[in-house]
Amino acid sequence: MDVSDFIPIVGILIPVVAIIGGISVAIASIISNARLREARIRERIAMIEKGLVPPPEIDPAGFDRAMVRHDRPGYGGPRRALRRAGVVVMSVGFGLVLLISVAGGSVRTGIGVGGFLVIVGLAFLINSALEPQRDVHTSMPPGPPMPPAT
């Protein structure tokens with residue numbers, strides 16, 4: 001047999017080996033992640049059985065409940081974010097109207113492009129007005145009492 005007879009076979013085997021290798025790596029990753037998660041769950045159960053409180057990294061919902069107690073009331077929220085977005089988009093729209101009208105010499109194009117952004121900004125502002133006001137401290141269910149700080 002000549003070496004040139006093996007070239008088509010090698011051309012077919014390389015992608016097949018790559019695909020099988022990729023699938024094998026994915027399966028190994030899934031299995032190792034499952035074992036790691038199982039070990040974390042067992043560790044958490046053992047801590048609870050001994051009467052210890054698990055750290056907040058293990059219980060994200062408990063960490064969020066604890067952090068809500070330290071939030072400043074009236075800070076952030078969807079209404080404020082939508083209002084800020086509306087003001088920013090409207091400012092960009094008015095800036096584009098001015099820029100295109102002066103630099104391009106065409107008032108219609110400036111009003112068309114910038115006006116679109118102004119309307120989008122107005123939509124954000126209207127959406128912020130229609131968003132119901134929600135109290136930050138009632139958004140999460142009450143959790144167990146926090147242990148005293150050491």
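In which helix is V17 found? V17 is found in helix α1, which covers residues 7–49. The model described here is predicted, with local features requiring pLDDT of at least 70 and side-chain atom pairs counted only at pLDDT 80 or more, while totals for chains, interfaces and linings use all residues. Residues are numbered from 1 along each chain as its sequence is written, and side-chain values use heavy atoms, with hydrogens and water left out.

The secondary structure of the protein consists of 4 helices and 0 strands, where helices (H or I, at least four residues) and strands (E, at least two) are DSSP runs numbered from the N terminus. Along the sequence the pattern reads α-α-α-α. Of the 150 residues in the protein, 11% are buried; buried means under 20% relative accessible area, exposed means over 50%, and partly exposed lies in between (1.4 Å probe, protein chains only). The protein exposes about 11800 Å², of which carbon and sulfur atoms supply 70%. Accessible areas come from the Shrake-Rupley method with a 1.4 Å probe, and for residues only the protein chains shown count as cover. Contacts are defined by heavy atoms within 4.5 Å. Among contacts between residues at least 6 apart in sequence, 67% join residues at least 24 apart.

Helix α1 has 43 residues, which should span 63 Å at 1.5 Å a residue, and its end C-alpha atoms are 63 Å apart, in agreement. The expected span of a helix is 1.5 Å times one less than its number of residues. V17 is exposed, with a relative accessible area of 56%. Together with F6, I9, V10, L13 and I14, V17 makes a nonpolar surface patch of about 560 Å². Patches are made of residues with over 30% relative accessible area and no salt bridge; like charges are joined within 9 Å, and nonpolar side chains (Val, Leu, Ile, Met, Phe, Trp, Tyr) within 5 Å.

A search of the whole structure finds 1 salt bridge, defined as a side-chain nitrogen of Lys or Arg within 4 Å of a carboxyl oxygen of Asp or Glu. The side chains of E38 and R42 meet in a salt bridge, at 2.6 Å from N to O. These two residues are separated by about one helical turn, because E38 and R42 are 4 residues apart in helix α1. E38 is partly exposed, at a relative accessible area of 39%, whereas R42 is exposed, at 57%. Just after α1, G51 takes a positive phi of about 85 degrees.

G105 follows α3 and has a positive phi, near 80 degrees.

Helix α4 has 24 residues and reaches 33 Å from its first C-alpha to its last, close to the 34 Å expected. A kink of about 25 degrees in α4 is centred on G115, the bend at a residue being the angle between axes fitted to the seven residues ending there and the seven starting there. G115 is buried in α4, as are G110, G114, V118, G121 and S128. The cover over the buried residues of α4 includes α3. I126 is also found in α4 but is exposed, with a relative accessible area of 51%. The C-alpha atoms of I126 and G86 are separated by 8.6 Å, and these residues lie 40 residues apart along the chain.
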